[in-house]
Amino acid sequence: MRLSVIGCGYLGAVHAAAMASIGHEVVGIDVDERKVAALSKGEAPFFEPGLQEILTEGIASGRLSFTTDMSAAAGAKVHFVGVGTPQQAGGYAADLTYVDAAIDGLVPHLAPGDIVAGKSTVPVGTAERLAPRVSAAGATLVWNPEFLREGWAVQDTVDPDRLVAGVPSEDGAPTAEGATAADVLREVYHPSVAKGTPFIVTDYATAELVKVSANAFLATKISFINAMAEIAEVTGADVTTLADAIGHDARIGRRFLGAGIGFGGGCLPKDIRAFSARAEELGRGESVAFLREIDAINLRRRDRAVDLVSTALGGALFKKNITVLGAAFKPHSDDIRDSPALDVAVRLHGLGAWVTITDPAAIENARRIHPQLNYVEDRDEALREADAVIVVTEWDEYRRQLTPEHAASLTRGRIVIDGRNCLDAAAWRAAGWTYHGMGRP
Ligand code: UDX
């Protein structure tokens with residue numbers, strides 16, 4: 001099928017390449033000329049495992065192309081909209097400027113019978129508002145949220161755990177137009193549909209809410225365990241053992257119970273804030289008032305990590321060499337948007353420490369935003385002469401491949417702060433280190 005993808009960021013670029021990889025003919029459209037030039041040459045504009053391969057393959061096959069020209073969307077049957085919905089500059093609500101601009105730019109190139117599939121994360125009510133503009137061109141708007149995780153984006157797009165289509169509906173059931181649009185989407189995602197991946201057809205509001213409530217739930221799970229870490233810290237309990245123990249209950253589950261410096265990235269923080277803002281607009285602010293607390297717990301963990309470093313170094317950071325292992329908001333990504341790791345590094349720097357920071361993928365992005373830190377590519381070089389080491393992104397390079405003995409041969413001090421509870425505490429202690437975890441004795 002011929003498809004267009006408007007917006008070629010983390011979501012759109014991966015979606016375009018993944019759709020080409022399952023056999024569709026895809027044009028990716030973005031206003032950023034540099035991004036389009038890189039993608040057209042088959043260069044992934046960000047680090048995402050597997051993306052490079054499917055980009056190269058898609059371009060070589062002739063099925064995948066990129067352009068800044070919106071008119072290239074003409075002739076496609078389905079037009080995916082995957083532009084950003086960042087937090088508004090002056091508030092918590094989502095900024096929908098790019099979504100509106102994408103729809104307005106696309107409408108003149110639509111043909112009757114086309115499908116416009118919104119993938120961006122939007123406040124509930126957005127699809128209802130946009131639908132008349134799409135219908136005026138004889139096309140149908142559907143909302144098809146994306147649940148991809150950075151670092152697993154290609155896999156999550158090609159083989160998602162569920163597909164959701166919000167379609168025009170009446171009295172709780174899809175209209176004839178909505179049912180047809182859902183069938184077209186089933187065809188787009190044919191390999192997943194054929195293998196039995198749940199395909200949920202619903203109305204616009206439910207589809208929009210599925211996305212934000214999934215992210216709100218995940219954020220809540222992380223902040224829940226981080227709240228337990230706070231209690232563990234004043235009682236001498238160990239939050240990782242607690243997480244293991246409660247995680248054995250299948251109703252709870254161990255995943256996303258990783259206590260540490262908390263969540264960041266381009267989705268969870270902004271999505272829970274936008275959800276709160278939207279609920280308030282709807283007169284239901286109290287229903288998700290807990291999300292403010294989730295946000296607050298999350299941000300407190302960054303303070304806690306900074307306090308741990310400071311206390312471990314005797315209360316003063318002035319002229320202390322601190323090596324920060326990690327800058328990305330999570331491993332397998334070069335994304336530093338709202339990265340707790342980078343935030344901790346910047347705060348330590350602000351308190352007078354000499355901060356050296358390293359990361360396998362995110363140094364260039366981090367340097368652009370925070371040029372005041374000392375960036376070192378090589379992990380061992382970064383560790384040299386450190387008075388204290390803090391692990392803030394759980395890359396394998398730090399959690400598995402770095403032994404405490406090897407680290408000790410490079411550093412000056414023997415203080416390690418495990419901001420992700422990802423190190424073997426006993427092994428580090430046995431090698432002579434003073435180990436501090438998050439919510440661990
Ligand atoms: C998230 C959702 O998982 C995904 O479904 C949605 O489509 C987009 O938002 P992503 O932002 O890629 O994906 O990251 P995710 O893997 O959810 O991690 C978010 C943050 O939570 C990271 O900073 C991570 O380090 C942190 N985290 C995760 C924890 O602190 N503890 C955990 O147990 C899990």
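This is a predicted model: local features need pLDDT of at least 70, side-chain atom pairs count only at pLDDT 80 or more; totals for chains, interfaces and linings use all residues.

Reader: OK. How many helices and strands does the protein have?

Author: The protein has 18 helices and 16 strands. Its radius of gyration is 23 Å, close to the 22 Å given by the globule rule for 441 residues, so the protein is as compact as a globular protein of that length.

Reader: And what box do the C-alpha atoms fill?

Author: Along the principal axes, the box is roughly 70 × 50 × 45 Å. As for the interior, 55% of the 441 residues count as buried.

Reader: Now the ligand. How many residues surround it?

Author: There are 20 residues around the ligand. Leu148, Glu150, Gly258, Phe329 and Lys330 are the closest.

Reader: What classes are in that shell?

Author: The shell has 10 nonpolar, 4 polar and 6 charged residues.

Reader: Which helix gives the most to the shell?

Author: That is helix α9, residues 204–235, which contributes 4 residues. In terms of domains, at least three shell residues come from each of domain 1 (2–202) and domain 2 (204–441).

Reader: Which polar atoms lie 2.7 Å and 2.8 Å from ligand oxygens?

Author: A polar backbone atom of Glu150 is 2.7 Å from an oxygen atom of the ligand. For Lys330, a polar side-chain atom lies 2.8 Å from an oxygen atom of the ligand. Gly264 also takes part through its backbone, where a polar atom is 3.1 Å from a ligand oxygen.

Reader: How much of the ligand does the protein bury?

Author: The ligand taken alone exposes 670 Å², and the protein buries 90% of that.

Reader: Different topic. I clicked on His24. Buried or exposed?

Author: His24 is buried, because its relative accessible area is 4% and the cut-off for buried is under 20%. His24 is in the loop between α1 (10–21) and β2 (25–29).

Reader: What does the side chain of His24 have 2.7 Å away?

Author: The backbone oxygen of Val188 is 2.7 Å from a polar atom of that side chain.

Reader: And Gly62, buried or exposed?

Author: Gly62 is exposed, because its relative accessible area is 58% and exposed means over 50%. This glycine is in the loop between α3 (51–61) and β3 (64–67).

Reader: Where is Gly62 relative to Ala20?

Author: Gly62 and Ala20 are 42 residues apart in sequence, and their C-alpha atoms are 9.3 Å apart in space.

Technical notes: Residues are numbered from 1 along each chain as its sequence is written. Side-chain values use heavy atoms; hydrogens and water are left out. A residue is near a molecule or strand if one of its heavy atoms lies within 4 Å of it. A polar contact is a pair of N or O atoms within 3.5 Å; within protein, one must be able to donate a hydrogen and the other to accept it, and residues adjacent in sequence count only if both atoms are side-chain atoms. Accessible areas come from the Shrake-Rupley method with a 1.4 Å probe; for residues, only the protein chains shown count as cover. Helices (H or I, at least four residues) and strands (E, at least two) are DSSP runs, numbered from the N terminus. Ala, Val, Leu, Ile, Met, Phe, Trp, Tyr, Cys and Pro count as nonpolar, Asp, Glu, Lys and Arg as charged, and the others, Gly among them, as polar. Domain bounds come from an automatic or database domain assignment. The radius of gyration is taken over C-alpha atoms; the globule rule is 2.2 Å times the number of residues to the power 0.38. Buried means under 20% relative accessible area, exposed over 50%, partly exposed in between (1.4 Å probe, protein chains only).
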